[in-house]
Amino acid sequence: MKIKFSPPYVDDTVINEVVDSLKSGWITTGPKVKALEQEIKRFSSAQEVLCVNSWTSGAIMMLRWLGVQAGDEVIVPAYTYAATALAVIHAGATPVMVDIEDDFNISVDAIRNAITSKTKAIIPVDIAGFPCDYDDIISLVSEDSILALFEPTSEVQQKLGRILILNDAAHSLGAYYSENKRTGCETDIAIFSLHAVKNVTTAEGGAICLNLPAPFDNAELYKQLRQMTLNCQTKDAFSKSLNGCWRYDIMGLGMKINMPDVNAAIGLAQMRQYPALLAERKRIFNLYDTSFAKLSWAIIPPSNFKNKESSYHIYALRIKDINEQQRDDIIDEISKHEVAVNVHFIPMPMLSFFKQQGFDIANYPQSYKNYACEISLPIYPQLTNEDVNLVIDTVTDAYKKITFSK
Ligand SMILES: *Cc1c(COP(=O)(O)O)cnc(C)c1O
């Protein structure tokens, strides 16, 4: 493959940080995780940040903490990576899928129509790194009629007194929601993914941002959740390793989802240079935009609107007036020229597991419309301007070849 889709960013600072962890004699959760949490906290202005071993496990834990149970509903967009809904099912609740808007993000009107007395949380997803309209969602859950509908069935739900907003920020680390305010600090909870293909990675990992309103104490909650990531054990491996500190207790049913220090080291070195890496992503995004804006058949993805600015995680190109088969043919043609592209995302109602549960793509027309003509182009700091021009030429040639032959 001449142009890969999304290789991780590994330079000498990343390698040195990992080696430093290996040589330190401490490789699981410890000082590197703490340092990474501090970096992400400072960068995103979240009140507390807790690192775990994936977005998925972090979301499951937060929904369990919320106390969802069988019959409870969590609203998610149909257009996202499957983990958004799978986490809900793992936590024991029912995902309620709603359609999206033209900009790929969850429709606030659709959320309104889907809210019932069983709704316990909403998971808006910042698709491709472009933030959702959190203000609209926050005012929606605070409306009198919606508050009156809310039926808390756990202590945490009682304390919150309304539907929880858990932002799936898997793509949006570094995006701006409002002037000078990045994602991660706007919603009750936001979770970044640090998976290998994301903007910042720890190979596998997630970062949970806590911004619960009073009377919640986010610093206290951080401690409680930290313990929950370690089987609810009163001492982590580090404190237990100290002389004479062998005794511990188990306080409840936790999970084992802590992030190891060797992993955190990768993300730590990346976070320290993330503003520069983001600027490189923006360079590539803008090169694509400039070229595709001149082509009548191309629809360029949302990146800047009012004070919102993308984290440039995915370049979601759409092509006008083509069907799903033509899109697939264009991708086949591009692949022949050794340029790796992708589709983000196959709407969940089109996946076997969700079909079996009765979800039908016919009920999500905007999701299908966006999906059927979407092609995600490579976007990462290592790409040169020549690489990007090669991608643009390859996509353009493939488009012409497929549509002219019809
Ligand atoms: C990557 C991704 C996830 C899952 O992240 P993991 O860290 O792999 O669990 C969740 N939601 C979206 C939108 C994603 O793209």
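In the predicted model, a polar side-chain atom of Ser193 is placed 2.7 Å from an oxygen atom of the ligand, and a nitrogen atom of the ligand lies 2.8 Å from a polar side-chain atom of Asp168. Of the 380 Å² that the ligand exposes when taken alone, the protein buries 92%.

The shell around the ligand comprises 16 residues, of which Thr56, Asp168, His171, Ser193 and Lys198 come nearest. By residue class, this shell divides into six nonpolar, eight polar and two charged residues. The space that the ligand takes is the largest pocket.

A further local feature concerns Thr394, which is placed in helix α16, a helix formed by residues 385–404. The relative accessibility of Thr394 is 9%, and this residue therefore counts as buried, given that the term applies under 20% relative accessible area. A polar atom of the side chain of Thr394 lies 2.6 Å from the backbone oxygen of Leu390.

Key
Residues are numbered from 1 along each chain as its sequence is written. This is a predicted model: local features need pLDDT of at least 70, side-chain atom pairs count only at pLDDT 80 or more; totals for chains, interfaces and linings use all residues. Side-chain values use heavy atoms; hydrogens and water are left out. A residue is near a molecule or strand if one of its heavy atoms lies within 4 Å of it. A polar contact is a pair of N or O atoms within 3.5 Å; within protein, one must be able to donate a hydrogen and the other to accept it, and residues adjacent in sequence count only if both atoms are side-chain atoms. Accessible areas come from the Shrake-Rupley method with a 1.4 Å probe; for residues, only the protein chains shown count as cover. On a 1 Å grid over the protein atoms alone, a cavity is a set of points where a 1.4 Å probe fits but cannot get out, and a pocket is an open set with protein on both sides within 12 Å along at least five of seven lines; lining residues have an atom within 4 Å of a point. A molecule sits in a cavity or pocket if more than half of its atoms lie within 2 Å of its grid points. Ala, Val, Leu, Ile, Met, Phe, Trp, Tyr, Cys and Pro count as nonpolar, Asp, Glu, Lys and Arg as charged, and the others, Gly among them, as polar. Helices (H or I, at least four residues) and strands (E, at least two) are DSSP runs, numbered from the N terminus. Buried means under 20% relative accessible area, exposed over 50%, partly exposed in between (1.4 Å probe, protein chains only).
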